[in-house]
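Student: Please show me how to read a chain like this one. I would like to begin with the overall fold and then go into single elements.

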Amino acid sequence: MKKIVAALAALAIGATALIAPAQAQDKKYTIALVPGLTTDGFYITMRKGAQAAADALGVTLVFQGAPDFNPVTQVPVLDAVIAKKPDAILIAPTDKVQLVEPLRKANDAGIPVITVDTFIGSGVYQTGAGDADFPLSYIASDNILGGEIAARALATAIGDKGKVYVSNVKPGISTTDQREVGFKKEMAANHPGITVLETQFNDNDANKAASQLQAVFARNPDLVGVFGANLFSALGAANGVQQAGQTGTVKVVAFDAPTSIVDNINTGLVDVAIAQHPAEIGYFGVVSAYAHLTGNSIPVSIGTGFTIMDKSNIADPNISKYLYSE
């Protein structure tokens, strides 16, 4: 964490130095932001942070993406962005393998690539090893840490004992893979009274996640908790808990925090939400791209923070400010 803080501090100092002479720059840079999908509050909030940095630095920001989180729809959007020849691309890859070659086209065309939120390959860049280390930087929440935080929150909610499971999207999505890893790591290391059952993959279908919850509960009537590795997984599982008549007994921890999570928490549908800070991701993405374009070095990875939300603090303005835009 000290390294993350140091990296953020260094970049913030660099940004301050860069903003002052921005208006004197002869070159007008264009930076493209390709989100995982365009309609999600997380990416809408990321765009706002990116736009704030672009406005401060005198950069033109282009926001272009697909309506769903899918490499099949994202790749054509990326190809169209590359054809416009922006000075840099910020992208949340929708698959850590399938986006490698499409992004290599940008790199080979001389367009710097920075991944935000999600990554390609291992997410460890600029090592000279592997076929997916060419992006300049990976800027995101530390999703393994986020999974660990979710595990600790769920352990507290269930009295540190009982059966739980992870409701996840599908294998191959870097962020949700890591959240599951972090969750299981924390449970295995520090919570011997908790049994983690087999992960249920729902293909980002909340109705499927609800059905899976009921099936798991039928097999394990002593189930006491579920961690939704993304919002659809969490809300689907929460609806399954409600349909099984177990609201308040089976605790639900959700990852991500759109404004709608407030009602979910206040009504008891969701017990805890782990909010990322997507505006920071977008802001530091644009600052990093600009720093590189103006001849400055940038960190190969930058981690952003989390905020834990529950019924006790959701009305606090210092907490609610981290809710995502709609």
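**From fold to residue**

Tutor: Begin with contacts along the sequence. Of the contacts in the chain with a separation of 6 or more, 73% join residues 24 or more positions apart. Bear in mind that this is a predicted model.

Student: How many helices and strands does the chain have?

Tutor: Count the secondary structure elements before anything else. Here there are 11 helices and 13 strands. The radius of gyration is 20 Å, close to the 20 Å from the globule rule for 326 residues, so the chain is as compact as a globular protein of that length.

Student: What does the C-alpha trace span along its principal axes?

Tutor: About 65 × 40 × 35 Å.

Student: What share of the residues is buried, and what part of the accessible surface belongs to carbon and sulfur atoms?

Tutor: Take burial, then surface. Buried residues are 54% of the 326. The accessible surface is about 13400 Å², and carbon and sulfur atoms hold 55% of that.

Student: Is H5 mostly covered or mostly uncovered?

Tutor: Mostly covered: 11 of its 15 residues are buried. Among them are Leu145, Glu148, Ile149 and Leu154. H5, residues 143–157, reaches 21 Å, close to the 21 Å expected.

Student: Let us finish with one residue. Where is valine 77, and why does it count as buried?

Tutor: Locate the residue, then apply the cut-off. Valine 77 sits in helix H3, residues 71–83. Its relative accessible area is 13%. Buried means under 20%, so valine 77 is buried.

Student: Which residues does valine 77 touch, leaving out those up to four places away in sequence?

Tutor: Look past the sequence neighbours. Valine 77 touches Val34, Gln64, Gly65 and Ala66. Valine 34 is 43 residues away along the chain, yet the two C-alpha atoms are separated by 8.0 Å.

Note on methods:
Residues are numbered from 1 along each chain as its sequence is written. This is a predicted model: local features need pLDDT of at least 70, side-chain atom pairs count only at pLDDT 80 or more; totals for chains, interfaces and linings use all residues. Side-chain values use heavy atoms; hydrogens and water are left out. Helices (H or I, at least four residues) and strands (E, at least two) are DSSP runs, numbered from the N terminus. The radius of gyration is taken over C-alpha atoms; the globule rule is 2.2 Å times the number of residues to the power 0.38. Buried means under 20% relative accessible area, exposed over 50%, partly exposed in between (1.4 Å probe, protein chains only). Contact means heavy atoms within 4.5 Å. Accessible areas come from the Shrake-Rupley method with a 1.4 Å probe; for residues, only the protein chains shown count as cover. The expected span of a helix is 1.5 Å times one less than its number of residues.
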